[in-house]
Amino acid sequence: MCLGRTHALSAGAAYAALGEFVFHQRPAVLLAGTAIACGAGVLPDMDTVGSTVARSFGAATECIAYGVRAISGGHREGTHTGVGDAVCAGLAVLAIALEGVHFRAWHHELSAGRIVLGAYLAILFGAGMMALRILHRGNGRRYLLAAAAAGAMAWTGFDAGGIAWAILLGTAVHCFGDMLTKHGVAWHLVTTVATEWNPEVLTRIIHEAMKARDFPAVVAALKVLAVTDPVQAQAVYDTIEIGLQIAADVGE
Ligand SMILES: [Zn+2]
């Protein structure tokens, strides 16, 4: 549960920072996008029945979670990939594209796209509020606020161009967050990068660092080289030591 809050906060913060400083969005658009990103930040966990997003609209979202779990292959599988992120965003794009598909005999305002988009946004708003513990005491009030905001956005077409992007960003931030918190994944990544480093490149870095008299960099690169290629590291170390000896002798 605590994790849901972190996911929603980091996704919302990422959107707010991008919207404000990179895209200079209007306050209303910025607010709507941030709210969507907060919800999208917990959306990938729809593959788990007990998760925040699965509980956001009670039995309705729980049913969806059972379906998503079956299709995606379980927790932290399909929904926690780039493809999963693209599918989540693509759903909003599809709903907006279906805007013009009206149900026969029904009121002309009621299109398939609006209903799908409205329901989708309602889940995102509801899940975001639940994760951030907004109106967490009264389910009814939270449902109502989420549905009202989602309905207003779907029917007015407000920020239709930005909805999919906000979802994409939110789900991507979630996956990144999971990757870092997953046991040892971050450390594994670091050691992989270190051991994959080419000894020749490292030796070049050491030489350049020596020339620049950046000794902390020399030591750091030597440490990585000692993991990658211990023999080469020893050779470089010996060369440096001999060089220092010569320098000392010349100095005398
Ligand atoms: Zn997750």
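From the N terminus on, the protein chain goes α-α-α-α-α-α-α-α-α-α-α-α. That makes 12 helices and 0 strands, and keep in mind that this is a predicted model. Of its 252 residues, 33% count as buried. As for contacts with a separation of 6 or more, 61% of them in the protein chain come from residues 24 or more positions apart.

- H11 takes in residues 215-228, 14 residues in total. From first C-alpha to last, H11 reaches 20 Å, close to the 20 Å you'd expect at 1.5 Å a residue.
- Which residues of H11 are buried? They are Val 218, Ala 221 and Leu 225.
- Look down the axis of H11 and those buried residues fall within an arc of 75°, so they line one face of the helix.
- What covers the buried residues of H11? The cover includes helix H10 (199-211) and helix H12 (230-251).

**Glu 208, over in H10**

- Glu 208 sits in helix H10, one of the helices covering the buried residues of H11.
- Is Glu 208 buried, exposed or partly exposed? It has 13 C-beta neighbours inside 10 Å, so it counts as partly exposed; the buried class would take 20 or more, and the exposed class 12 or fewer.
- In sequence, Glu 208 and Val 218 are 10 residues apart, and their C-alpha atoms are 8.7 Å apart in space. Val 218 is one of the buried residues of H11.

**How H5 packs on H6**

- Two packed helices are described by the angle between their axes and the distance between the axes.
- For H5 (residues 82-97) and H6 (residues 112-131), the angle is about 145° and the axes are 7 Å apart.
- Their crossing is left-handed.
- On the H5 side, the residues that meet H6 are Leu 91, Ala 92, Ala 95, Ile 96 and Ala 97. Their partners in H6 are Gly 113, Val 116, Leu 117 and Tyr 120.
- Sorted by class, this H5 contact with H6 has 8 nonpolar residues, 1 polar and no charged ones. Gly counts as polar, and Gly 113 is among the H6 residues listed here.

How values were computed: Residues are numbered from 1 along each chain as its sequence is written. This is a predicted model: local features need pLDDT of at least 70, side-chain atom pairs count only at pLDDT 80 or more; totals for chains, interfaces and linings use all residues. Helices (H or I, at least four residues) and strands (E, at least two) are DSSP runs, numbered from the N terminus. The expected span of a helix is 1.5 Å times one less than its number of residues. The arc is that of the directions from the helix axis to the C-beta atoms. Two residues are in contact if their C-beta atoms, placed from the backbone, lie within 7 Å. Axes are lines fitted to C-alpha atoms, for helices over the stretch in contact, and angles run from 0 to 180 degrees between N-to-C directions. A crossing is left-handed if the near helix is turned anticlockwise from the far one by less than a right angle, and right-handed if clockwise.
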